[in-house]
Amino acid sequence: MTQSGSGGILNIDKPHGMTSMQVVRRIKRASGFKRVGHAGTLDPIATGVIPVCFGQATRVMEYLLDGAKRYSGEIHLGVSTDTYDAMGEVVSESDASEITSDQVKNALTRFQGDIEQVPPMYSALKRDGKRLYDLARKGIEVEREPRPVSVYAIDLTAWESPIATVNVDCGRGFYMRSLAHDLGRTLGCGGHLKSLARAKTGPFHLDEAVTLDEAEFAFEEGSWADLVYSPDVALGSLRTIIAGHRARASIRSGQPLPPNVSFRPDHPDERCRVYDADGQFLAIARLDPDRRRWVPDKVFQVS
């Protein structure tokens with residue numbers, strides 16, 4: 001957690017029926033911060049982890065978006081909808097009573113690993129500057145190119161015909177709604193996502209999340225710092241540089257790190273976390289190939 005008044009990250013358990021942007025707007029009103037954003041959209045039917053970044057922590061949102069996710073979803077087989085979830089209009093129905101748990105398990109193996117997935121029409125992706133869901137609401141359907149996604153693990157955790165509960169560990173850009181639709185198509189009976197909960201995003205887990213009401217009350221009472229994580233919590237995958245006390249002022253003014261910080265990057269675009277000797281998070285740094293020095297890429301205020 002952080003005691004900084006310059007912002008941070010809240011691990012919110014999003015309520016059912018609310019959009020991700022509605023969560024952001026409520027935190028913005030409660031906190032008084034101008035810069036507030038979320039790190040990964042959840043559909044209105046979904047609950048679970050949504051990291052809300054505010055103040056200077058909005059500058060690390062990209063790292064959370066790239067982090068691993070864990071979902072648990074109920075897939076209703078035998079009924080297909082236009083949105084691929086329970087909020088849509090039913091477009092087809094079929095008898096799924098003969099489907100067995102073994103068939104579901106075998107079908108799920110097709111969706112593990114590095115795969116390609118077609119995103120749903122009802123999504124926030126853009127085509128020619130227009131959101132796909134806006135086109136879909138006008139009855140316009142456009143061709144969507146399959147996109148590469150990574151599924152690290154996928155398991156059937158419960159089967160009560162025609163409902164399959166599926167847990168998925170995945171990377172960025174994976175749609176559980178598309179999984180539900182594609183699983184139903186693979187089994188020949190159709191399907192849609194009945195419910196969804198996100199159990200993990202990067203370092204944030206559902207069992208440590210707070211409700212939106214709890215977060216708003218904490219801002220009202222002035223105790224919100226007890227709930228807020230420092231921006232560097234989102235950067236756990238980055239290597240660490242300890243710059244020392246004397247380098248702190250120069251780093252905060254954007255100057256290169258001392259020459260003795262000279263380890264080679266693992267790849268040309270590698271970024272590192274920079275701390276002072278007291279463990280205060282100072283910056284995200286990158287290697288300047290011309291000067292062969294690590295230079296601050298993003299500098300963070302220290303309380």
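Which residues in α3 meet which residues in α5? The points below start there; the model is predicted.

1. Helix contact. On the α3 side, Gln103, Val104, Ala107 and Leu108 take part, and they meet Leu183, Thr186 and Leu187 in α5. By class, the residues of this contact divide into 5 nonpolar and 2 polar, with no charged residue.

2. Helix geometry. Helix α3 covers residues 101-108 and helix α5 covers residues 176-187; their axes come within 10 Å and cross at roughly 120°. Angles from 65 to 115 degrees would count as roughly perpendicular and those over 145 as roughly antiparallel. The two helices α3 and α5 are therefore oblique to each other. The handedness of the crossing of α3 and α5 is right-handed.

3. Strand β1. This strand spans residues 7-14, and 7 of its 8 residues are buried, so β1 is largely enclosed by the rest of the structure. Strand β1 is joined to strand β3 (residues 46-55) by 8 bridges, and the two run antiparallel. Within that pairing, isoleucine 9 stands opposite cysteine 53 in β3. Strand β1 is also joined to strand β14 (residues 210-211), here by 2 bridges and in the parallel sense. Aspartate 13 has threonine 211 in β14 as its bridge partner. Strands of a sheet pair through backbone hydrogen bonds, in either a parallel or an antiparallel sense.

4. Four-stranded sheet. An open sheet of 4 strands runs in the order β15-β16-β17-β18, and its pairing is mixed. At the edges are β15 (239-242) and β18 (293-299), each of which pairs on one side only. From one strand to the next, the twist averages 40°.

5. Pair β17 and β18. Strand β17 (residues 281-288) pairs with β18 over 6 bridges in the antiparallel sense. Alanine 283 is placed opposite valine 299 in β18. The hairpin of β17 and β18 has 4 residues between the strands, and there arginine 292 takes a positive phi near 55°.

6. Serine 80. Strand β5 (residues 79-81) contains serine 80. Is serine 80 buried or exposed? The cut-off for buried is under 20% relative accessible area. Serine 80 has a relative accessible area of 9%, so this residue is buried. Leaving aside residues up to four places away in sequence, serine 80 touches Glu89, Val90, Val91, Ser92, Gly190 and Gly191.

7. Tyrosine 84. This residue sits in the loop between β5 and β6 (90-93). Tyrosine 84 has a phi near 70°, a positive value in a residue other than glycine. Most residues other than glycine have a negative phi. With a relative accessible area of 14%, tyrosine 84 is buried.

8. Cis peptide bond. Where is proline 162 found? Proline 162 is in the loop between β10 (147-160) and β11 (163-170). The peptide bond that joins serine 161 and proline 162 is cis, with omega at about 10°. Most peptide bonds are trans.

9. Backbone items to look at together. Positive phi values occur at tyrosine 84, near 70°, and at arginine 292, near 55°. The cis bond between serine 161 and proline 162 belongs on the list as well.

Note on methods:
Residues are numbered from 1 along each chain as its sequence is written. This is a predicted model: local features need pLDDT of at least 70, side-chain atom pairs count only at pLDDT 80 or more; totals for chains, interfaces and linings use all residues. Side-chain values use heavy atoms; hydrogens and water are left out. Axes are lines fitted to C-alpha atoms, for helices over the stretch in contact, and angles run from 0 to 180 degrees between N-to-C directions. Angles under 35 degrees count as roughly parallel, over 145 as roughly antiparallel, 65 to 115 as roughly perpendicular and the rest as oblique. A crossing is left-handed if the near helix is turned anticlockwise from the far one by less than a right angle, and right-handed if clockwise. Contact means heavy atoms within 4.5 Å. Ala, Val, Leu, Ile, Met, Phe, Trp, Tyr, Cys and Pro count as nonpolar, Asp, Glu, Lys and Arg as charged, and the others, Gly among them, as polar. Buried means under 20% relative accessible area, exposed over 50%, partly exposed in between (1.4 Å probe, protein chains only). Two strands pair if DSSP finds at least two bridges between them.
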